[in-house]
Each structure stands twice: as C-alpha cells, then as structure tokens.
Amino acid sequence: MTAPSVLIDEAASTDSSFDLKWRRRTTVEMIISGLIGLYASFVLSIEAWQLAADSAKTFACDVSSVLSCSTVAQTPQARILGFPNAFLGIFFEAVVLAISVALFSGVKFSRWYMACANVLYTIALFFAYWLFSQSFFVIHVLCPWCLAITVTTTLVFAGLTRINIREGVLPAPAWLKRSVTLGYDWSFWGLLLFILIAMVVARYGVALLG
C-alpha cells in the first residue's frame, strides 16, 4: 500500500474522536501481535522451502500426530493460491505493522485508507479462520505456528477495528463506540479465542502432547 497524505499529531488532536494515549494502548497490542505473526509467517515460509526440497523433513513444531507443521504444510489447503500461504501472511503482517507503527506515532491517515486497511485485514481474518476450520474439521492435524497466526490475526483485527470505530472511520451506534472507548469490546475477542482453545483441548486433549 502506498502512503497517503496524513495529518500529524497537532492537527489530529483537533478531532474530538482522536485520543493519542488511547490509540497507543491499542497499537502496542497490534505491534506485538503483528511481530509475532510476522515471525511465525517467516518460519512457515522457510519450512515450506525446506519441505519442497525434502518432503520427509521434520521440524521442532512436529510435536505429535495432532500437532504437526510439516503434515499441514503438505496439504492442498497450505497452498490455496498455488504458493505457500505463509507468503500471504508475510504480506498482511508487514502492511499492518507499518500502519500500526504509524498510528502509534500519532499519524492520522485518511478515512478511505483506514477503511481499506480494515477491509484488507478482514480478508486476512476470514482466511485465518478458514485455515483453522480446515485443520480442525478436515485435516484433523493442527499446525502450532498456524494457530499462533490465527490468534495474532484476531488480535490485530480487533485493534484495527476498534480504532476505526472509535475514530469514526467505521459507522457504529453510540453504545458500541462507548464500549470500544472503555475497552469492553476486548471481552468479546477474549471469549472468541477462549472458544477456539476450548475446541482444540476438548477434541484432542492429551493427544496434543503425543
């Protein structure tokens, strides 16, 4: 994404919806989650190249028959566009990291730019959950690094969306804006991640460890 015209802190502070301290609390979470997701994507992309050279290769994340990166990486779902999905992860994480750092510094992007970023990361979120559903319901094997990306993608999407709701980029009723401002929305995202973890533990239990 090319950088759009922006307004810096002083101009942004004239907007009643703009609160730099509030925004920074959210963007710190986005930056940390984005860095973890980017690292996981890099690891998966390297493993994809290694598997291409040696399909019998195993990795440290091959913990058990249930938790195995190499098993998942050799399925058609791991190359939905004809190349390793990890390359898409690198793209999405790099974009959102650049935006997150800029937001933390006080840059206020144009509304259309932030809306496009939210659309882009909505695609990333649906893709991450589709891959999780494929691993859980179809492949019956989970990739630890992929699970980490599912979690970080959820947290980054949550952060980006709450900023856009708080600052009026996305239309939302007054009660939702207030809930976001007070941080109540994190309860929803926490519950969602808890449900995912509960699903995995309930289905596989001790089999996760071998």
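Me: Is Cys-146 buried, partly exposed or exposed?

Reply: Buried means under 20% relative accessible area, exposed over 50%, and partly exposed in between, with a 1.4 Å probe and protein chains only. Cys-146 has a relative accessible area of 29% and is therefore partly exposed. Please note that this is a predicted model, in which local features need pLDDT of at least 70, side-chain atom pairs count only at pLDDT 80 or more, and totals for chains, interfaces and linings use all residues. Residues are numbered from 1 along each chain as its sequence is written, and side-chain values use heavy atoms, with hydrogens and water left out.

Me: Which cysteines form a disulfide?

Reply: A disulfide is a covalent bond between the sulfur atoms of two cysteines. The criterion here is a pair of cysteine sulfur atoms within 2.5 Å. Cys-61 and Cys-69 form such a pair, with their sulfur atoms 2.3 Å apart, and the count by this rule is 1 disulfide. Cys-61 is buried because its relative accessible area is 8%; Cys-69 is buried as well, at 2%.

Me: How do the axes of H4 and H5 cross?

Reply: Helices (H or I, at least four residues) and strands (E, at least two) are DSSP runs, numbered from the N terminus. Axes are lines fitted to C-alpha atoms, for helices over the stretch in contact, and angles run from 0 to 180 degrees between N-to-C directions. For helix H4 (residues 85-105) and helix H5 (residues 111-139), the axes come within 11 Å and cross at roughly 145 degrees. The crossing of H4 and H5 is left-handed, a label used if the near helix is turned anticlockwise from the far one by less than a right angle, with right-handed used if clockwise.

Me: Which residues meet where H4 faces H5?

Reply: Contact means heavy atoms within 4.5 Å. The H4 side includes Leu-88, Phe-91, Val-95 and Ile-99, and the H5 side includes Met-114, Tyr-121, Phe-127 and Leu-131. The residues of this contact divide into 16 nonpolar, 1 polar and 1 charged, where Ala, Val, Leu, Ile, Met, Phe, Trp, Tyr, Cys and Pro count as nonpolar, Asp, Glu, Lys and Arg as charged, and the others, Gly among them, as polar.

Me: What does Phe-132 touch, beyond residues up to four places away in sequence?

Reply: Phe-132 lies in helix H5 and is buried, with a relative accessible area of 7%. Not counting residues up to four places away in sequence, Phe-132 touches Leu-147, Thr-150, Leu-196, Met-199 and Val-200.

Me: Where is Ser-45 found, and is Ser-45 buried or exposed?

Reply: Ser-45 is found in helix H2 and, at 6% relative accessibility, counts as buried. Neighbours within four places in sequence aside, Ser-45 is in contact with Ala-86, Phe-87 and Ile-90.
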